[in-house]
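Here's a quick briefing to read alongside the model. Have the sequence and the 3D view open as you go.

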Amino acid sequence: MSHSLQKLHTFGFQASAAQVLHCKNNVELLQSLDKSTKSKQLILGGGSNIIFGGHADLTIIKNEIKDIQILDQDAHHIYIRVGAGVIWADVIQHALQHNYGGIENLTLIPGTMGAAPIQNIGAYGIELRDVFHSLAAVDRRTGVTKEFSKKECRFDYRESIFKQEAKNKYVITDVTLRLTKRDHQIKADYGAIKKTLEQNSITNPTIQDISNAVAQIRMSKLPDPSIIGNAGSFFKNPIISKNKYTALLEKYPNMPSYPISDSQVKVPAGWLIDQAGWKGKAIGGAAVHDKQALVLINKNNADISDLIQLYQSIQLDIQSRYDISLEREVTIYKNGVELIDD
Ligand code: FAD
Ligand code: NAP
């Protein structure tokens with residue numbers, strides 16, 4: 001049996017899997033789980049951070065648990081429990097409609113609630129961990145549900161325990177967020193947001209204004225996956241030592257950076273790729289987006305080999321120019337096997 005995955009991942013390669021199961025609640029999920037050690041199952045949300053190529057001898061479990069409930073509240077905060085299959089855009093919409101603050105900077109990130117903690121989604125100065133309270137996840141081997149606190153998730157920059165030792169061990173079923181009901185902490189210090197608010201003559205922004213500004217910025221520079229296949233930022237922004245950065249500045253005086261700690265800085269990967277001349281370049285049908293060099297696109301019926309050749313060529317070039325290694329943010333499955341870079 002073969003089920004097409006082309007519409008189940010935003011890069012849009014022709015790909016297939018042995019089976020696709022749609023689980024709408026915990027009972028269906030538990031019935032679908034193969035608890036054996038030889039399990040060939042993969043959990044999928046919106047497919048916006050994963051790329052498939054070829055045929056996968058795997059059962060894809062689409063987590064479609066959808067529910068938003070109020071768990072608790074006090075004078076300032078509301079705790080909402082969100083099913084893993086709720087589309088992130090609907091979580092944003094729900095929050096804005098009820099005037100709950102804290103996630104407006106994360107407007108227009110594709111995907112589902114359940115995948116958001118996996119890489120601690122972030123944009124425009126906010127990360128999921130800033131509003132995260134806890135999550136529930138089913139152990140894929142035992143079927144037992146475990147509650148994870150924020151500390152136990154070990155969030156970091158685009159990282160969590162679910163990308164490390166707990167990788168592929170749990171299915172996240174719901175996530176509890178702690179949002180503000182009043183006195184929202186507006187985060188408008190990110191350059192592009194500031195500029196957009198100024199252009200729109202907004203001096204005292206509401207959470208809705210921030211969401212609108214973020215949507216406006218994103219639509220102006222990011223390709224819409226329903227039109228051009230892509231998986232967002234292909235690489236993470238590298239974090240390097242301040243000493244190395246100071247040495248690089250001698251050769252590249254315009255290289256931007258953002259402080260991470262007393263001894264480390266973050267360098268925008270898009271800038272490195274752009275400066276190295278990759279913007280708009282293509283290998284076969286895969287290309288570097290011409291407005292944002294960090295986004296690789298399915299420009300012209302690419303296949304997975306084009307994409308692999310393109311991203312590995314970029315990695316090699318950036319390594320040799322700047323002595324910086326670019327780590328992929330996106331997960332790739334080729335013929336059912338996860339690709340691991342050296
Ligand atoms: P999927 O791609 O379906 O899955 C991602 C990983 O999580 C896979 O390993 C999968 O096995 C696992 N997984 C999914 N659901 C579950 C679950 N319930 N339990 C256990 N494991 C699960 N990311 C950002 O951080 N910031 C951005 O600003 C951003 N912008 C983007 C813009 C575009 C145009 C695109 C295409 C992507 C962008 N992304 C961004 C990346 C992506 O949207 C996020 O990582 C998102 O959280 C992925 O959600 P998903 O449901 O599509 O996950
Ligand atoms: P940008 O504004 O062109 O800036 C380039 C990079 O510099 C960003 O990735 C960001 O790092 C960093 N940066 C810029 N201003 C910063 C500040 N004031 N403080 C700290 N870091 C700053 O970025 P962009 O590509 O248009 O993306 C805008 C935001 O959306 C970013 O936060 C980005 O992460 C997010 N985004 C993510 C994806 C994805 O798939 N992961 C896709 C599109 C957009 P950070 O990335 O660490 O914030």
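A polar side-chain atom of Tyr258 sits 3.3 Å from a nitrogen atom of ligand 2, which makes it a polar contact (a pair of N or O atoms within 3.5 Å). This is a predicted model, in which local features need pLDDT of at least 70, side-chain atom pairs count only at pLDDT 80 or more, and totals for chains, interfaces and linings use all residues; side-chain values use heavy atoms, with hydrogens and water left out. Residues are numbered from 1 along each chain as its sequence is written, while chains are lettered from A and ligands numbered from 1 in the order in which they are written.

**Ligand 2**
- Ser233 uses a polar backbone atom, 2.7 Å from an oxygen atom of ligand 2.
- Tyr190 brings a polar side-chain atom to 3.3 Å from an oxygen atom of ligand 2.
- The protein covers 78% of the 790 Å² of accessible area that ligand 2 has on its own (Shrake-Rupley method, 1.4 Å probe).
- Strand 7, helix 5 and strand 12 each give two or more residues to the shell around ligand 2 (helices are DSSP runs of H or I with at least four residues, strands are E runs of at least two).
- There are 17 residues around ligand 2, and Arg158, Lys221, Ser233, Lys266 and Gln292 come nearest (a residue counts if one of its heavy atoms lies within 4 Å).

**Ligand 1**
- Ligand 1 has 32 residues around it, with Ile43, Gly46, Ser48, Thr112 and Arg218 the closest.
- A backbone N or O atom of Ile43 is 2.6 Å from an oxygen atom of ligand 1.
- From Gln119, a polar side-chain atom lies 2.9 Å from an oxygen atom of ligand 1.
- Of the 980 Å² of accessible area that ligand 1 has on its own, the protein covers 92%.

**Helix 4**
- Ile193, Thr196 and Leu197 are buried in helix 4 (residues 191–199), where buried means under 20% relative accessible area.
- Those buried residues fall within an arc of 100° seen down the axis, so they line one face of helix 4 (the arc is that of the directions from the helix axis to the C-beta atoms).
- On the other side of helix 4, Lys195, Glu198 and Gln199 are exposed, meaning over 50%.
- After helix 4 comes Ser201, with a positive phi near 55°.

**Helix 2**
- Helix 2 (residues 88–97) has Trp88, Val91, Ile92, His94, Ala95 and Leu96 buried.
- Just after helix 2, Asn99 has a positive phi of about 60°.

How values were computed:
Polar contact = N/O pair within 3.5 Å; in protein donor to acceptor, adjacent residues only side chain to side chain. Buried < 20%, exposed > 50% of the residue type's maximum accessible area, 1.4 Å probe, protein only.
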